[in-house]
Amino acid sequence: MMNEMSEATVFTELPWLYTGLVAYALATLSAFYGLVRTRGGDAGAAVNRSHESLVLALLTGGVILLTASLAERWLRLGHGPFVNLFELLISQLFSLGLIYAVAYWRLPVLRPTAVVVLPMLWVLGTWVLLLEPSDSHYPPTYYNEWLWAHVGFGKFFLAFCLIGSGLAGVILLRRIPRVAPFFRHLPPDKVLDHMAWRFMLLALIFDSLMLIAGAVWAQDAWGRYWAWDALETSSFLNWLFLGAALHARLSYRIPIHVGALAIIGIFVFAFLTYFGTPFYSEAAHKGVI
Amino acid sequence: MTALLRRLSSTRFTLLGMALLAVGAALSYDNPVDTPVWALVAPMALLAVNLLAAVMSNARINRRPGLLIFHLSLLGIVILAAIGRLTHMEAHIEMVEGSTFDPAELMNVRKGPWHRGELEKVVFVQGPFTVDYGPGMMRGPTRSHVLVPDGQGGWERRVVGDDTPLVLEGYRFYTTFNKGFAAVLTWIPETGEPVTGTIHMPSYPLFDFRQANRWTPPGGEEVKFWLQLETGLKADQAWTLDPSKAHGILVLRSGEQREELLPGQATALPGGVLRYEGLSSWMGYKLFYDPTLQWLFLTAVIGVLGLAAYFWNKFATHPWPQAGEVSRKGAEPELETAPWGGGKL
Ligand code: HEM
């Protein structure tokens with residue numbers, strides 16, 4: 001329910017947010033359209049992938065519009081999108097879109113994963129549409145430079161998990177005989193698996209950096225670097241599972257599709273850590289009393 | 001010996017240790033008092049032995065400098081964190097404006113058995129403070145003024161608050177949400193010397209409506225105090241808590257007697273006279289001491305740099321595969337390791 005104050009507030013960031021989401025929606029549709037159109041050619045035949053530039057353009061457009069939405073809100077409230085779930089979701093839609101767009105542009109081999117990655121982004125997109133864009137109060141402990149490092153590293157961590165999950169998703173989809181032909185111009189599973197784990201190793205590096213920056217910030221903000229609160233426990237477990245999965249893969253012959261499930265599991269865990277725990281346990285991370 | 005090392009270095013232990021550590025972390029969630037410290041220490045010890053054995057016997061780890069640095073830094077972090085727990089100190093203190101830090105006033109003190117800090121060398125004087133609030137009583141920045149010795153016989157002013165602690169002799173003092181008002185009182189007994197002290201009222205504005213406390217003067221009867229405050233608090237507007245601009249009438253009850261005192265006024269009570277000298281404030285600090293902080297940070301950063309170097313070495317020479325290329329040729333790309341790890345070093 002809105003209070004009197006916010007009823008008078010004009011949420012000027014919303015038009016940018018909505019058009020940004022429309023751009024993401026069109027990018028998703030064109031990715032699917034492109035996938036369907038390439039079906040039927042001989043296995044391995046060169047396929048017309050002109051839709052890819054459209055997907056990239058729409059994705060880039062969406063990122064620019066979301067940047068405008070974030071900037072508008074930032075100017076309106078006087079602080080960055082770090083506090084409530086509505087802000088966190090737009091901010092992640094922006095950064096995940098941006099990092100994926102760069103990967104899409106520079107690594108053409110990843111492009112067919114858009115049909116897995118973009119629908120995953122839509123979990124965030126749908127969620128943000130269901131939330132009140134309520135104004136947030138900036139806690140005094142957030143005026144700390146380490147917040148930037150912590151949030152920035154976290155964005156890369158989640159984006160690399162997302163790309164790994166895109167590849168893992170393709171590996172799993174290819175196990176369905178009717179779907180497999182859609183992905184025939186991608187390298188074999190073994191190569192996709194190798195690429196996915198390369199991203200997961202990169203994700204571990206950024207996850208570790210995120211934990212370090214977070215611990216420094218926590219020391220400044222709450223006078224302790226670690227305290228096993230909901231978010232800290234969850235993010236430590238996430239880091240540990242990622243490390244354990246990388247290990248297990250080197251120590252045992254893990255079937256490729258099991259590895260793919262592990263990657264998606266780690267991404268889902270990260271997702272719940274980011275968007276679940278801080279709001280499940282409000283006290284520590286919000287620091288507002 | 002080598003056979004034993006080899007056995008201890010098995011990566012099965014690593015996965016077992018990681019699984020046990022996950023259980024330990026889950027049990028430690030929210031720091032329940034009944035979770036033994038072994039829930040974390042035992043898996044970490046297992047991992048440490050496993051890792052040391054691997055470093056000594058497994059070329060897959062000890063011939064790759066980046067990976068080795070990463071793993072050794074994990075070991076370093078565990079050791080430093082353990083040293084930190086053994087030497088740390090945590091406590092709370094409420095500092096009244098104008099008072100000098102006195103270790104005897106620390107509350108909820110928790111410290112490790114090896115704590116060897118020089119707390120007696122810590123000197124600072126609490127000055128005034130302000131706290132900004134946004135509409136809806138949302139707490140904003142805290143500015144607490146303190147005086148610390150400048151080393152030349154004088155005092156140096158510092159402003160601390162929120163994420164800027166006061167650091168003296170390695171002890172870190174953090175302002176907290178816990179702060180409030182105090183009444184400065186002088187008790188003039190019928191016989192003996194007068195004593196001046198403070199009565200701390202509950203945290204403000206959290207307990208705005210409960211600014212009460214009680215005290216029994218030496219040789220007298222229990223007195224109940226209630227502070228009628230005027231601070232300019234506006235719950236729905238931005239506002240600054242500034243005790244130096246606040247006014248307070250002290251209401252006291254002793255038996256059937258009820259008095260309202262303005263600063264400077266006194267009243268006779270059984271056993272003596274009580275004078276209300278004036279309104280003061282107190283700031284609640286959290287004290288934290290851990291000599292390993294910088295080392296932990298350094299070790300962790302070096303570890304991540306090691307992992308990054310390992311990543312770089314592993315993949316720099318292996319370009320990303322191209323779409324279409326592989327299946328068209330029907331050939332498999334060369335991978336630097338087989339997915340199950342049977343690759344070359
Ligand atoms: C404490 C006991 C540990 C031991 C004995 C150990 C041992 C090893 C060994 C022998 C390797 C090389 C494997 C190979 O190339 O076949 C390795 C790789 C690795 N370890 Fe550990 N490790 C331990 C803990 C950890 C932890 C706690 C993490 C992080 C959460 C971790 C992360 C990694 C990573 C990222 C790799 C490289 C994986 C890759 O190249 O894909 N290790 N470890």
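**Notes on a predicted model**

1. Let's start with B:Gly303: leaving out residues up to four places away in sequence, B:Gly303 touches B:Ile69, B:Phe70 and B:Ser73 (contact means heavy atoms within 4.5 Å). B:Gly303 sits in helix α6 (residues 293-315) of chain B; helices are DSSP runs of H or I with at least four residues, numbered from the N terminus. With a relative accessible area of 1%, B:Gly303 is buried (buried is under 20% relative accessible area, exposed over 50%, partly exposed in between, using a 1.4 Å probe and protein chains only).

2. A quick word on the basis: this is a predicted model, where local features need pLDDT of at least 70, side-chain atom pairs count only at pLDDT 80 or more, and totals for chains, interfaces and linings use all residues. Residues are numbered from 1 along each chain as its sequence is written, chains are lettered from A and ligands numbered from 1 in the order written, and side-chain values use heavy atoms, without hydrogens or water.

3. Now look at the iron atom of the ligand: its protein donors are A:His247 (NE2) and B:His71 (NE2), lying 1.9 Å from it (donors are N, O and S atoms within 2.8 Å of the metal, or 3.2 Å for Na, K and Ca; water is not among the atoms, so sites may look incomplete). A:His247 belongs to helix α8 (residues 230-251) of chain A and B:His71 to helix α5 (residues 65-87) of chain B, so the pair joins two chains.

4. Are those two histidines buried or exposed? B:His71 is buried at 11%, while A:His247 counts as partly exposed at 22% relative accessibility.
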